[in-house]
Amino acid sequence: MPQEELGYVELEWTCPNCGTRNPGTRKNCASCGAAMPKDAKFELPAQQELVKDEVKIQAAQAGPDVICPYCGTRNAATASSCKQCGGDLKGAQARFKGGVLGAFDETKQPDVKCPNCGTMNPASALKCSNCGASLKRPEPKAQPAPQTIAPPTRASPLLIGGIIGVVLLCIVGAYFLFFRTSDTVGTVTDLQWQRSIAIMAQVPVRDAAWQDQVPAGANVLSCEFKPRRFSNVEEPNSRKVCGTPYIVDTGTGVGKAIQDCQYQVSEQYCSFTRLQWTVIDTIVTRGSDLNPGWPSLALKSGEKEGNRAQDYRVIFDAGGQQYTYSTSNPDEYARFQRGTRWNLKINGLGDIVEATPAN
Ligand SMILES: [Zn+2]
Ligand SMILES: [Zn+2]
Ligand SMILES: [Zn+2]
């Protein structure tokens, strides 16, 4: 992801020897003179300000400071001998760099009260302007508590018992409705058949897609730019989108403020119509005999035949009670002459599930 440089911010470090806060570019403690130990860390200053001093910026750009192997003093990356003891810095260990120290935020921070004399000092001050006492680091602003996701609630044993009960009831109900049958004898009193053919035609259907995905032959109605993807380089119809700026340790006592940016590229999104085979009509023939026939089909230009469907019903009378037998099989339907007697198996819904000739 491309990074943008916003500038440099002087960091600070706290002397582990005497507790004094020191500007990041100071290599020795301003109070006790001890060299900054290599394991002491740079921290964000209480008040962030972009550095205007070109010398400090160039030092930050030169690379991380190196630590004198003889006396432990920090030296600029460009130094060849230690400014403290004169030792040779060839092959000296460099300070750690690249760590993210926190958000870049130039907002004016509230003044800090001197614990010694009560004088108010700007947040950027390391020492009291009145008595010279070392000022404590203001507490960092409270971070909003991370949102926690509630753990999934356990299903109670009562609920599980209820679900099992309902499932059992369904099984028992299904048995009584579909599988438990009663027997009776019925006479065929009526016959009904119905056959239908769907007629299809190509009808315009509305749809939408990215311009490069609109199907060939579609009729484009309108297009508009919409964000589609991210790019590392600026492109036509793109908009720069940047993340929260943050400060990275350069190992020099001056942090680099950067932000990660990308280009959100918009492309044409189009609404269009395309032709799609659709059922536009269904022609039906009906009868009450044993000679079903298909409706005669007269297709117009641009039309084609769709699905065919057939439905047959046989109505029985069993001692004044009516039962209906349904099938889509014409051969089965052909067995039922009016007035013939049949043994019927009836399920819990009153449907005939089986019919055999009665003698
Ligand atoms: Zn000190
Ligand atoms: Zn040295
Ligand atoms: Zn003071």
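Predicted model: local features only at pLDDT ≥ 70, side-chain atom pairs only at ≥ 80, totals over all residues.
Domain 1 is made of two stretches, 178-198 and 284-357, while domain 2 covers 202-273.

As for secondary structure, the chain has 3 helices and 18 strands. With a radius of gyration of 44 Å, well over the 21 Å that the globule rule gives for 359 residues, the chain is more spread out than a compact globule. Taken along the principal axes, the box filled by its C-alpha atoms comes to roughly 125 × 60 × 45 Å. Burial is another way to look at the chain: 16% of its 359 residues count as buried. Turning to contacts, if those with a separation of 6 or more are taken, 65% of them link residues 24 or more positions apart.

One piece of the strand content can be followed in detail. Strands β5, β4 and β6 form an open sheet of 3 strands, in the order β5-β4-β6 and with antiparallel pairing. The edges of this sheet are β5 (74-75) and β6 (93-94), each of which pairs on one side only. In general, strands of a sheet pair through backbone hydrogen bonds, and the pairing can be parallel or antiparallel. Here, strand β4 (residues 66-67) and β5 run antiparallel and are joined by 2 bridges. At the residue level, I67 has R74 of β5 as its bridge partner.

Notes
Residues numbered from 1 in each chain as written. Chains lettered and ligands numbered in written order. Helix = DSSP H or I, 4+ residues; strand = E, 2+ residues; numbered from the N terminus. Rg over C-alpha atoms; globule rule 2.2 N^0.38 Å. Buried ≥ 20, exposed ≤ 12 C-beta atoms within 10 Å, placed from the backbone. Contact = placed C-beta atoms within 7 Å. Domains from an automatic or database assignment. Pairing = 2+ DSSP bridges.
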